[in-house]
Amino acid sequence: HVRANYGGKLTMIDRWFGKLLDSIDAQSLWDDTAVILCTDHGHYLGERDVWGKPGVPVYEQMGHIPLMIAWPGHAGGAIDALTTSVDISATLAQIFGVTMSHRTHGKSLVPLLTGEATSIREHALQGYWGRAVHVTDGSVKYGRAPVDGNMPLAMWSNRWSTMPVHIPNYQFPRPDRRAKLDFMPGSDVPVIRQPFQQGDMLPFWAMGRAPETTLFNIAEDPDESANRKGDPLEKRATEMLRAAMEEVDAPQEQYERLGIA
């Protein structure tokens, strides 16, 4: 039943997206119009007995999302390069000659689309707040779980969620007197930084079963069936994770939380 509803939603999306493409055809816009089709995260539909997007490792069904781009003046084809969603904003900024006023982490896709480059990034981060932090280079994917009770942990946000949470007897925790005004790492964007400690009610993203460390060679094991945690490969994966975190100015507490300080 869930899969049928999901399929119905995809059919609806296909229909209305098709109307958009028909309009581009009718107005002969392809010569000067770029079309970028992407999605949010995926949903598990029973794979590994998992449904929706609960607190489990970011397997390929969740994290490997579609990205299709029609680029004026270039024929269609497949590009085997690692990208992540924030690269779209960097691409739009380059197209329109915009300089970002704050620190961002995207890399423009234009060199890939024009054939000037075959890759634009060495790694990409994935994950949920308060759970394992994942990194991939397109061949190896490493999900490092927190150690020592998932602490130290803090939420950095300039907008605390007011959305309804359909979890019985749960109230989304709000900032308390431990909170302070801070700045998003690597930028001058002011945010509230709320620390947590053992015994605190945590935002629901950190709820669920305890995170686990996973290491998959997805080039050889696309089904992610063999967890290679503890293999010699983990040392290289840990260094890749450290480099990816340094690149986005991750706060020190994250290194401590993951046991790689």
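Is Arg103 buried, partly exposed or exposed, and at what relative accessibility? Arg103 counts as partly exposed, because its relative accessibility is 37%, where buried means under 20% relative accessible area, exposed means over 50% and partly exposed lies in between, computed with a 1.4 Å probe on protein chains only.

This is a predicted model, in which local features need pLDDT of at least 70 and side-chain atom pairs count only at pLDDT 80 or more, while totals for chains, interfaces and linings use all residues. Residues are numbered from 1 along each chain as its sequence is written, and side-chain values use heavy atoms, with hydrogens and water left out.

## Salt bridges

Side chains of opposite charge can pair when their charged atoms come close. A search of the whole structure finds 11 salt bridges, a salt bridge being a side-chain nitrogen of Lys or Arg within 4 Å of a carboxyl oxygen of Asp or Glu.

| Pair | N to O distance |
|---|---|
| Arg103 and Asp249 | 3.0 Å |
| Asp137 and Arg236 | 3.7 Å |
| Glu212 and Arg209 | 3.9 Å |

Arg103 forms its salt bridge with Asp249. This pair links distant parts of the chain, 146 residues apart, with Arg103 in the loop between helix H3 (86-95) and helix H4 (110-114) and Asp249 in the loop between helix H5 (233-247) and helix H6 (252-257); helices (H or I, at least four residues) and strands (E, at least two) are DSSP runs, numbered from the N terminus. Asp249 is partly exposed, with a relative accessible area of 27%.

The side chains of Asp137 and Arg236 also meet in a salt bridge. Asp137 lies in the loop between strand S6 (133-136) and strand S7 (140-144), and Arg236 lies in helix H5, so this pair ties together parts that are 99 residues apart in sequence. Asp137 is partly exposed at 25% relative accessibility, and Arg236 is partly exposed at 45%.

Glu212, the salt-bridge partner of Arg209, is partly exposed at 34% relative accessibility. Salt bridges that share partners also join Glu60, Lys141 and Glu224 into one network.

## Sheets

An open sheet of four strands has the order S5-S6-S7-S11, with antiparallel pairing; two strands pair if DSSP finds at least two bridges between them. Strand S5 (124-127) and strand S11 (214-217) stand at the edges with a single partner strand each, so one side of each has no neighbour in the sheet. Neighbouring strands of this sheet are turned by 15 degrees against each other on average, direction ignored, with axes fitted as lines to C-alpha atoms (for helices over the stretch in contact) and angles running from 0 to 180 degrees between N-to-C directions. S7 and S11 are joined in the antiparallel sense by four bridges, and Tyr142 stands opposite Leu215 in S11.

A further open sheet, of three strands, has the order S8-S10-S9, again with antiparallel pairing. Here S8 and S9 are the edge strands, each with a single partner strand, so one side of each is left without a neighbour in the sheet. The twist averages 40 degrees from one strand to the next. Strand S8 (residues 153-157) pairs with strand S10 (residues 190-196) over five bridges in the antiparallel sense, where Met155 has Gln194 as its bridge partner and Leu153 stands opposite Phe196. Strand S9 (residues 180-183) is joined to S10 by four bridges, and Lys180 stands opposite Arg193 in S10. The hairpin of S9 and S10 has six residues between the strands, and in this hairpin Gly186 takes a positive phi near 80 degrees.

## On a 1 Å grid over the protein atoms alone, a pocket is an open set of points with protein on both sides within 12 Å along at least five of seven lines, a cavity is a set of points where a 1.4 Å probe fits but cannot get out, and lining residues have an atom within 4 Å of a point. Grid points are joined across faces, edges and corners, and a volume is the space filled by probe spheres set on the points. Helix H1 (2-26) and strand S1 (35-38) each supply at least two residues of the lining of the second largest pocket, and the largest share, six residues, comes from H1. By class, this lining has nine nonpolar, six polar and three charged residues, where Ala, Val, Leu, Ile, Met, Phe, Trp, Tyr, Cys and Pro count as nonpolar, Asp, Glu, Lys and Arg as charged, and the others, Gly among them, as polar.

The count comes to one cavity of 30 Å³ or more, and about 80 Å³ of space lies in the largest cavity. The residues that line the largest cavity include Gly55, Tyr128, His134, Arg209 and Glu212, and the lining divides into seven nonpolar, two polar and three charged residues.
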